[in-house]
Amino acid sequence: MSKAPVRVAVTGAAGQIGYSLLFRIASGEMLGKDQPVILQLLDLPQAQKAVGGVMMELDDCAFPLLAGMIATDDPNVAFKDADVALLVGARPRGPGMERKDLLTENAKIFTVQGAAIGQHASPDCKILVVGNPCNTNAYIAMKTAEKYGRLKSRNFHGMLRLDHNRALSQLAAKSGRPVSSLKNLVVWGNHSPTMYADYRKVTSNGDSVKDLINDETWNRDTFLPTVGKRGAAIIEARGLSSAASAANAAIDHIRDWVLGSNGEWVTMGVPSDGSYGIPEGIIYGFPCTTENGEYKIVQGLEIDEFSRERMTHTLNELLEERDGVKDLLA
Ligand code: NAD
Ligand code: LMR
């Protein structure tokens with residue numbers, strides 16, 4: 001018997017990430033090749049015509065798993081009974097900007113959408129915020145939704161999977177080992193240049209990748225800045241921010257959350273439970289494992305002085321961003 005469809009809300013459906021994301025969701029790459037989906041597409045009133053065009057193309061793919069779709073400019077409609085919500089719709093940064101420069105403009109979006117999710121989404125809804133600055137936007141949505149007491153706060157995530165994937169690629173190139181062999185990577189903290197891509201525990205077929213590379217200067221002066229500033233490098237090269245790789249990371253994040261990571265670590269921006277001294281509620285990149293639709297923060301990792309300093313630096317930026325949106329959440 002075929003499974004009941006899962007309702008997937010996607011915001012910013014007419015945008016460039018939306019265009020890379022929707023076809024892959026409808027083809028079963030995110031939730032499984034046996035899982036029908038209903039797409040609930042949100043965008044601004046002026047983008048509805050373009051969303052209509054994307055829906056025509058989705059129709060033209062004749063995806064067997066696409067059980068329905070709607071387009072709307074009303075968040076209350078878009079998030080109604082949503083089981084998964086991908087919050088992509090927000091302004092992207094341009095050259096010379098940092099992601100936190102978007103906070104004033106984008107933050108309001110996440111109070112409105114957090115309220116709609118809090119009132120209308122499925123109580124088990126899994127929410128991934130992609131729109132930048134994604135950690136703090138996820139925090140805003142979570143705090144706003146909490147006022148309605150229906151959803152699990154732990155299900156509000158910010159996307160650090162793109163940073164995780166970027167770091168994997170850099171490590172594979174440097175160590176000469178295939179990406180598929182690399183395990184136990186984490187990118188701690190904020191999706192911003194302060195993020196800390198931690199290769200200390202990474203292994204490849206049981207070998208320590210740090211020992212294989214054996215070059216701490218490369219870690220400090222090349223690896224960390226390359227991963228941390230990759231988004232800006234792409235904006236510089238393309239004139240637009242990353243889209244296909246961002247959509248791919250969103251698919252990876254939700255797929256692993258729903259279908260399980262088979263014991264492997266994945267980086268997720270999740271509300272801290274106090275692990276590793278990160279204050280509760282801050283949406284912070286942690287190493288997680290996932291099983292049966294639930295995630296757990298990997299516990300018991302030793303944090304050396306260098307790592308602690310980096311983890312505190314990125315935390316301090318998140319605390320500043322949180323203070324910056326206090327009034328919005330009052
Ligand atoms: P885009 O400008 O191509 O598309 C954004 C879409 O969102 C547009 O269709 C716009 O109309 C829509 N939108 C704006 N406000 C909205 C609202 N209130 N409700 C619904 N829709 C709304 O941008 P993009 O390249 O798709 O990027 C979207 C966001 O994702 C940006 O903030 C970007 O910085 C961020 N991003 C994050 C990551 C990450 O790793 N976390 C990676 C890449 C991009
Ligand atoms: C990225 O990392 O590519 C995105 O967050 C877009 C950006 O502004 O860098």
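**Arginines, ligands and a buried histidine**

Leaving out residues up to four places away in sequence, R99 touches R93, N132, P133, R166, H191, S192, P193 and G231, where touching, or contact, means heavy atoms within 4.5 Å. This is a predicted model, so local features need pLDDT of at least 70 and side-chain atom pairs count only at pLDDT 80 or more, while totals for chains, interfaces and linings use all residues. Residues are numbered from 1 along each chain as its sequence is written, chains are lettered from A and ligands numbered from 1 in the order in which they are written, and side-chain values use heavy atoms, with hydrogens and water left out.

Setting aside residues up to four places away in sequence, its contacts are E98, R99, L102, G231, A232 and I235. A polar atom of the R93 side chain also lies 2.8 Å from the backbone oxygen of M97. That makes a polar contact, a pair of N or O atoms within 3.5 Å; within protein, one must be able to donate a hydrogen and the other to accept it, and residues adjacent in sequence count only if both atoms are side-chain atoms.

The UniProt record, an unreviewed entry, puts the feature "binding site" at R93, R99, N132 and R166. R93, R99, N132 and R166 are included in the lining of the largest pocket. (On a 1 Å grid over the protein atoms alone, a pocket is an open set of points where a 1.4 Å probe fits, with protein on both sides within 12 Å along at least five of seven lines; lining residues have an atom within 4 Å of a point.) UniProt positions follow the numbering used here, feature names are shortened, and annotations may be inferred rather than shown by experiment.

So what surrounds ligand 2? Its neighbours are R93, R99, N132, L162, R166, H191, G231, I235, S241 and S242, a residue being near a molecule if one of its heavy atoms lies within 4 Å of it. An oxygen atom of ligand 2 is 2.5 Å from an N or O atom in the R93 side chain. For R166, the side-chain N or O atom is 2.7 Å from a ligand 2 oxygen, and a polar side-chain atom of N132 lies 2.8 Å from one. The protein buries 94% of the 260 Å² that ligand 2 exposes when taken alone; such areas come from the Shrake-Rupley method with a 1.4 Å probe.

H191 lies in the loop between β8 (186–188) and β9 (196–198). Is H191 buried or exposed? Buried, because its relative accessibility is 8%. Not counting residues up to four places away in sequence, H191 touches R99, N132, C134, N135, M159, L160, D163 and R166.

Now for ligand 1. Of the 25 residues around ligand 1, Q16, D43, R91, V130 and N132 come nearest. An oxygen atom of ligand 1 is 2.6 Å from an N or O atom in the D43 side chain, and one is 2.9 Å from a polar backbone atom of R91. A nitrogen atom of ligand 1 is 3.3 Å from a side-chain N or O atom of Q113. On its own, ligand 1 has 870 Å² of accessible area, and the protein covers 86% of that.

V88 is another residue in the loop between β4 and α4. V88 is buried, with a relative accessible area of 9%. Leaving aside neighbours within four places in sequence, V88 is in contact with T11, I17, L21, V130 and G131. The C-alpha atoms of V88 and G15 are separated by 8.5 Å, though the two are 73 residues apart along the chain.

Helix α1 (residues 16–26) has I17, G18, L21, L22, F23, I25 and A26 as its buried residues. These pack against β1 (6–11), β2 (37–42), α2 (48–60), β3 (66–72), β4 (84–87) and α10 (244–259). After α1 comes G28, whose phi is positive, near 95°.

Notes
Buried < 20%, exposed > 50% of the residue type's maximum accessible area, 1.4 Å probe, protein only. Helix = DSSP H or I, 4+ residues; strand = E, 2+ residues; numbered from the N terminus.
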